[in-house]
Amino acid sequence: MAKPKNEQYEVDPCDGLPRGVVGAWSYDKHQRLKRYVYASHGARRKYRDDYGRETSFVDLYCGPGRARIRGSVPEEVIDGSALAAARIASTCTPYSRYLVGDLDPDLVMACSTRLRSLGISAIDPLVGPANKTANMAASKLDPRGLHFALVDPFNADLPFATIEALGSLAKMDQLIHFSIMDLRRNFQRMKDDGRLDSLAPGWQLAIKSTMSIDTQRMAIFAYWRSLLEKRLRYTVSDKIVKVRGPQGAEIYWLVLASRHPLAGRLWKEVSDLSPTPQREMFG
Ligand SMILES: C[S@@+](CC[C@H](N)C(=O)[O-])C[C@H]1O[C@@H](n2cnc3c(N)ncnc32)[C@H](O)[C@@H]1O
């Protein structure tokens, strides 16, 4: 379950806006995101320059746009996902629009303000649950444009309807945070409170009561993946990044869903963070 708000946020002395307090693994998530945003810039340029189309970055769980790494000494403060994407895109081919949403209006405001401070003006702030704002986002975007969404909830409260609404745009690639830890820890609760129905509608088809919990959660993931592939016609990259916490337990998986083979190829190339000379430029 999500932590209480007061443990997750604090005031940033630099600008008086809220900033997150996050685990060190967020840094790697943003590194992968930045590398993907950079690697995919040629496709954005083509859509912008050759086809005259819009390219957008969509982040419906955007948070405040800045975070301190919990326990870092000296203190390390990093961009949030939308800022990280915008900053790296500005060095190659910027997105033409940024759609940033969150359940919490203060966080949407903070993220939008920080994006503006980078000189970005084409920002659509969206307040509300992602399964609602996803429909708003889809209706605002160029249906023939090239779009990229980060779908990054805290936990497995990830309605499939959100992914489906974003996926109604033909060229919407999605990088999805799938909370494998939550699925293990809260499996029974998720069954009881309907979150599992929302995450993977029809999941009952995938499991048998004789399966162990771990086998059940793997079966749920495989079923969720099949929904992306069969219902939404996405290709899910085999390169699923398994993000671990300090104790070594898997916290979440990063899953790339796309409808063009280039996206999967790029993700395969950039998601491995073993040191490369290129890494230096992402700071
Ligand atoms: C993991 S944080 C996002 C971090 C951000 N993407 C980053 O990397 O900087 C998840 C965010 O989702 C928001 N949130 C929680 N439930 C939500 C929902 N149903 N719809 C939209 N946002 C939600 C929280 O307020 C929080 O800011």
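Begin by selecting K29 together with the ligand: an N or O atom in the K29 side chain lies 3.2 Å from an oxygen atom of the ligand. This is a polar contact (a pair of N or O atoms within 3.5 Å; within protein, one must be able to donate a hydrogen and the other to accept it, and residues adjacent in sequence count only if both atoms are side-chain atoms). The model is predicted, so local features need pLDDT of at least 70 and side-chain atom pairs count only at pLDDT 80 or more, while totals for chains, interfaces and linings use all residues. Residues are numbered from 1 along each chain as its sequence is written, and side-chain values use heavy atoms, with hydrogens and water left out.

Next select L103, which has a polar backbone atom 3.2 Å from a nitrogen atom of the ligand.

Move to helices α2 (residues 25-39) and α3 (residues 41-50), whose axes come within 5 Å and cross at roughly 45 degrees. Axes are lines fitted to C-alpha atoms, for helices over the stretch in contact, and angles run from 0 to 180 degrees between N-to-C directions. Helices are DSSP runs of H or I with at least four residues, and strands are runs of E with at least two, numbered from the N terminus. The two helices α2 and α3 are therefore oblique to each other (under 35 degrees is roughly parallel, over 145 roughly antiparallel, 65 to 115 roughly perpendicular, and the rest oblique). Select V37, Y38 and A39 of α2 with H41, G42 and R44 of α3 to show the contact (heavy atoms within 4.5 Å).

Now centre on S179, in the loop between β9 (172-178) and α8 (180-185). S179 is buried, at 7% relative accessibility (buried is under 20% relative accessible area, exposed over 50%, partly exposed in between; 1.4 Å probe, protein chains only). A polar atom of the S179 side chain lies 3.4 Å from the backbone nitrogen of D182. Beyond four places in sequence, S179 touches N155, A156, I251 and Y252.

Finish at N131 in helix α6 (residues 130-140), which is partly exposed at 26%. Leaving aside neighbours within four places in sequence, N131 is in contact with P159, A161 and T162.
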